[in-house]
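Please keep both views open while reading.

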Amino acid sequence: CFPGGIEALAYAKINTTGDDPQDLSPNVEFIFVSGGLKTDRGLIYRRTLSITNEIYNAVWRPLENKCVFQVFPVLTHPKSYGYIELKSKNPYHWPVIYHKYFSDPQNQDVSTFIAAIREIQRISKSPSLKQYGVSIVSTPIPGCQNNIFDSDGYWECALRHITPTLNDQIGTCKMGPANDAEAVVNHKLRVYGVQNLRVADSSVIPLPLAAHTQGPAYMIGEKASDLIKEDWKDRHSILDAADIRRHVKT
């Protein structure tokens with residue numbers, strides 16, 4: 001019914017227990033997609049989000065010939081904290097990434113997600129959508145059948161089964177002062193402890209952003225270019241001055 005694609009984005013501040021009431025920055029993004037994971041009949045989209053065959057066949061395959069839309073809630077400031085390690089000394093090996101989803105001690109990430117799901121349900125009941133007969137797909141996620149559908153317990157189970165990362169990974173080469181044990185680069189993008197090496201991509205961003213990272217990645221690249229040109233200019237101006245002094249002496 002729909003070819004698929006992002007139709008709209010929205011940001012919201014959803015207050016849950018433990019949140020700082022003074023912090024007004026958006027903590028949830030809503031991505032409205034026409035069609036959803038069933039658009040390409042399970043060939044690519046579901047793989048990019050690590051949806052297994054079992055889950056796709058149970059939930060999305062029955063929707064392949066139906067008109068649907070999907071809303072993805074995204075945490076912009078997750079409290080859970082993962083890390084990355086080298087797999088081996090071989091530089092051609094992929095690193096090992098430990099996402100540690102929903103590992104925050106207060107379970108705030110789950111609470112925020114569930115509040116976001118309730119907001120999506122509220123939007124789906126708005127007059128502009130009800131006129132099209134919009135209803136929530138009630139097929140339970142495999143593994144969560146023992147939970148009462150649409151209860152908070154059900155949604156926590158579903159979240160722990162199918163939550164992926166949405167592309168905008170950051171922080172693996174964190175920018176910070178020299179006394180920060182987690183910092184990899186300084187304010188000029190130079191890697192601590194290594195000469196003549198900079199990192200110029202979104203991995204230097206130290207904290208999650210309430211937005212996507214393509215724009216900031218361009219900014220970091222432009223800033224890196226300026227820093228390299230400044231260093232080149234300073235180095236060559238010193239060499240020019242030395243040449244002048246040498247010629248004067250002769």
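**Overall form**

The model is predicted. The secondary structure of the protein chain comes to six helices and five strands, and, read from the N terminus on, these elements follow the order β-β-α-α-β-β-β-α-α-α-α. The radius of gyration is 24 Å, well over the 18 Å that the globule rule gives for 250 residues, so the protein chain is more spread out than a compact globule. Taken along the principal axes, the box filled by the C-alpha atoms is roughly 90 × 45 × 40 Å.

Of the 250 residues in the protein chain, 30% are buried, and the accessible surface comes to about 16700 Å², with 57% of that area belonging to carbon and sulfur atoms. Among the contacts between residues at least 6 apart in sequence, 55% join residues at least 24 apart.

**Cavities and a pocket**

What kinds of residue, by class, line the largest cavity? The structure holds two cavities of 30 Å³ or more, and the lining of the largest has one nonpolar, four polar and three charged residues. The residues in question are Asp19, Asn27, Leu75, His77, Lys79, Gln108, Asp109 and Thr112. Helix α3, which covers residues 108-124, gives the most to this lining, with three residues.

The second largest cavity is lined by Phe32, Phe69, Val71, Ile120, Ile123, Ser124 and Leu129. Two elements, β3 (69-75) and α3, each give two or more residues to the lining of this second largest cavity, and α3 gives the most, with three. By class, this lining has six nonpolar residues, one polar residue and no charged residues.

| Space | Volume |
|---|---|
| Largest cavity | about 60 Å³ |
| Second largest cavity | about 30 Å³ |
| Second largest pocket | about 160 Å³ |

As a general point, an α-helix has 3.6 residues a turn, so residues three or four places apart point the same way.

Helix α6 runs over residues 214-249, and Met219 lies in it. Is Met219 buried or exposed? The relative accessibility of Met219 is 57%, and because exposed means over 50%, Met219 counts as exposed. Between the C-alpha atoms of Met219 and Ile148 there are 47 Å in space, while the two residues are 71 apart in sequence.

**Loop residues**

Most residues other than glycine have a negative phi. Arg41, although it is not a glycine, has a positive phi of about 55°. Arg41 is found in the loop between β2 (28-34) and α1 (45-48), where it is partly exposed, with a relative accessible area of 43%. Asn107 likewise has a positive phi, near 60°, in a residue other than glycine. Asn107 belongs to the loop between β5 (96-98) and α3, and it is partly exposed, with a relative accessible area of 22%.

How far apart in space are Asn65 and Thr39, C-alpha to C-alpha? Asn65 has its place in the loop between α2 (53-60) and β3, and, with a relative accessible area of 68%, Asn65 is exposed. Asn65 and Thr39 are 26 residues apart in sequence, and their C-alpha atoms are 9.1 Å apart in space.

How values were computed. Residues are numbered from 1 along each chain as its sequence is written. This is a predicted model: local features need pLDDT of at least 70, side-chain atom pairs count only at pLDDT 80 or more; totals for chains, interfaces and linings use all residues. Side-chain values use heavy atoms; hydrogens and water are left out. On a 1 Å grid over the protein atoms alone, a cavity is a set of points where a 1.4 Å probe fits but cannot get out, and a pocket is an open set with protein on both sides within 12 Å along at least five of seven lines; lining residues have an atom within 4 Å of a point. Grid points are joined across faces, edges and corners, and a volume is the space filled by probe spheres set on the points. Helices (H or I, at least four residues) and strands (E, at least two) are DSSP runs, numbered from the N terminus. Ala, Val, Leu, Ile, Met, Phe, Trp, Tyr, Cys and Pro count as nonpolar, Asp, Glu, Lys and Arg as charged, and the others, Gly among them, as polar. The radius of gyration is taken over C-alpha atoms; the globule rule is 2.2 Å times the number of residues to the power 0.38. Buried means under 20% relative accessible area, exposed over 50%, partly exposed in between (1.4 Å probe, protein chains only). Contact means heavy atoms within 4.5 Å. Accessible areas come from the Shrake-Rupley method with a 1.4 Å probe; for residues, only the protein chains shown count as cover.
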